[in-house]
Amino acid sequence: MFSFFKSKKNPADPSETAVTPDADSQSRSDDSTRLKSKLKQGLARTRQSWGQRLSGLFGGGKIDEELYEELETILLTSDIGVNATHQLLENLRKQVKREALTDSAQLKQALKESLIAMLEPLVQPLDTTIQKPFVIMITGVNGVGKTTSIGKLAKYFQSQGKSVLLAAGDTFRAAAREQLMVWGERNNITVIAPDSNPDKKSDPAAVIFDAVNSAKARGIDIVLADTAGRLTTQLHLMEEIKKVKRVIAKTMPDAPHEVLLVLDANTGQNAVTQVKAFDEALDVTGLILTKLDGTAKGGVVAAIAGQYPQDPPALRFVGIGEGLDDLRPFDAREFVEAMFD
């Protein structure tokens with residue numbers, strides 16, 4: 001019923017060459033610098049949209065109700081959301097009073113720090129060492145970039161020295177199987193996929209069940225399980241994905257160990273609605289926010305934080321480009337700095 005695909009590793013591959021500690025340290029430093037540059041580039045549209053408007057607002061002058069009203073408009077139209085906007089404005093008012101600020105130019109740094117404080121609770125690095133295999137179930141609505149994110153996640157975990165197995169659990173989309181196989185080929189990773197015969201309809205839960213058992217037998221560190229995209233209004237499909245999760249638990253009692261919801265930053269406030277719906281169905285443990293390089297409304301990150309002030313979801317990764325290594329762990333301070341001029 002299932003197919004197994006594995007690329008051959010090239011022993012002459014220069015990527016297998018050992019590196020010295022000094023070279024490795026320099027490489028990490030260069031990677032950090034490149035990431036900051038890439039993040040700033042990826043958030044260019046957001047920065048041009050709201051950063052320039054804020055620069056005009058904070059160009060100097062008195063702090064009054066008119067300024068607060070203009071700032072509220074900028075925040076709301078940047079998809080920061082009502083809850084987060086009100087929270088940020090309240091924090092700014094308190095800081096202005098506490099520090100006796102009088103000039104609007106002083107508010108820019110204050111807003112930055114308030115945003116960072118709001119987003120910091122979302123920074124919760126993913127620990128994949130607690131189980132082996134560590135099973136990650138990836139879900140989301142159609143077109144958000146789930147399968148592409150899986151390929152990039154695989155590359156990220158490989159860079160940490162982890163072995164990875166991919167499960168092609170999206171049995172509804174015709175190209176999903178082939179797309180995941182391509183990612184497996186690129187990353188030299190085994191892909192467990194349903195039969196390629198179009199006349200045979202495979203059960204997604206069975207595909208992932210088989211993948212987890214295979215990973216256990218092979219001593220694989222991480223299983224990345226793709227699932228079919230579905231709208232939150234498609235109740236029968238939401239029920240089906242609940243079944244997928246239950247079946248995964250039959251292979252390992254506490255699996256899946258992570259349920260990652262992939263969100264498209266371009267959807268704005270709809271992303272907040274998706275978090276709520278999928279969390280109710282699957283107990284989402286982490287988020288991936290994709291396509292930040294294609295939107296002028298990166299403020300949706302703050303909207304998510306504002307919706308969950310007491311117990312915010314973990315924003316595990318953000319997508320800032322098309323490259324294989326452009327899915328990176330979320331860093332609140334770097335993210336906010338990149339949003340401003």
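What percentage of the 341 residues in the protein do buried residues make up? Buried residues account for 50% of them, where buried means under 20% relative accessible area, exposed means over 50%, and partly exposed lies in between (1.4 Å probe, protein chains only). This is a predicted model, in which local features need pLDDT of at least 70 and side-chain atom pairs count only at pLDDT 80 or more, while totals for chains, interfaces and linings use all residues. Residues are numbered from 1 along each chain as its sequence is written, and side-chain values use heavy atoms, with hydrogens and water left out.

**Overall make-up**

- The protein contains 12 helices and 9 strands; helices (H or I, at least four residues) and strands (E, at least two) are DSSP runs, numbered from the N terminus.
- Its accessible surface comes to about 15,700 Å², and 50% of that belongs to carbon and sulfur atoms; such areas come from the Shrake-Rupley method with a 1.4 Å probe, and for residues only the protein chains shown count as cover.
- Of the contacts between residues at least 6 apart in sequence, 80% join residues at least 24 apart; contact means heavy atoms within 4.5 Å.

- Helix α6 (residues 146–159) has 14 residues and spans 20 Å from its first C-alpha to its last, close to the 20 Å expected at 1.5 Å a residue; the expected span is 1.5 Å times one less than the number of residues.
- The helix is mostly covered, with 10 of its 14 residues buried, including T147, I150, L153 and F157.
- After α6 comes G161, whose phi is positive, near 85°.
- N187 belongs to helix α7 (residues 176–187) and counts as buried because its relative accessibility is 4%.
- Residues up to four places away in sequence aside, N187 touches G151, A154, K155, Q158 and L324.

- Strand β3 (residues 164–167) pairs with β4 in the parallel sense over 3 bridges; two strands pair if DSSP finds at least two bridges between them.
- Within this pairing, L165 stands opposite T190 in β4.
- Strand β4 (residues 190–194) is mostly covered, 5 of its 5 residues being buried.
- R173 is located in the loop between β3 and α7 and is partly exposed, with a relative accessible area of 37%.
- Neighbours within four places in sequence aside, R173 is in contact with T147 and Q179.
- The C-alpha atoms of R173 and T227 are 9.8 Å apart, although 54 residues separate the two along the chain.

**Helices α2 and α3**

- The axes of helix α2 (residues 44–57) and helix α3 (residues 65–76) come within 10 Å and cross at roughly 175°; axes are lines fitted to C-alpha atoms, for helices over the stretch in contact, and angles run from 0 to 180 degrees between N-to-C directions.
- The two helices, α2 and α3, are therefore roughly antiparallel to each other, a description used for angles over 145 degrees, whereas those under 35 count as roughly parallel, 65 to 115 as roughly perpendicular and the rest as oblique.
- W50, R53, L54 and L57 in α2 meet L67, E70, L71, T73, I74 and L75 in α3.

- A271 is found in helix α10 (residues 270–282) and, at 0% relative accessibility, counts as buried.
- Leaving aside neighbours within four places in sequence, A271 is in contact with L263 and V300.
- Helix α11 (residues 300–307) is mostly covered, with 7 of its 8 residues buried; V300 is one of them.
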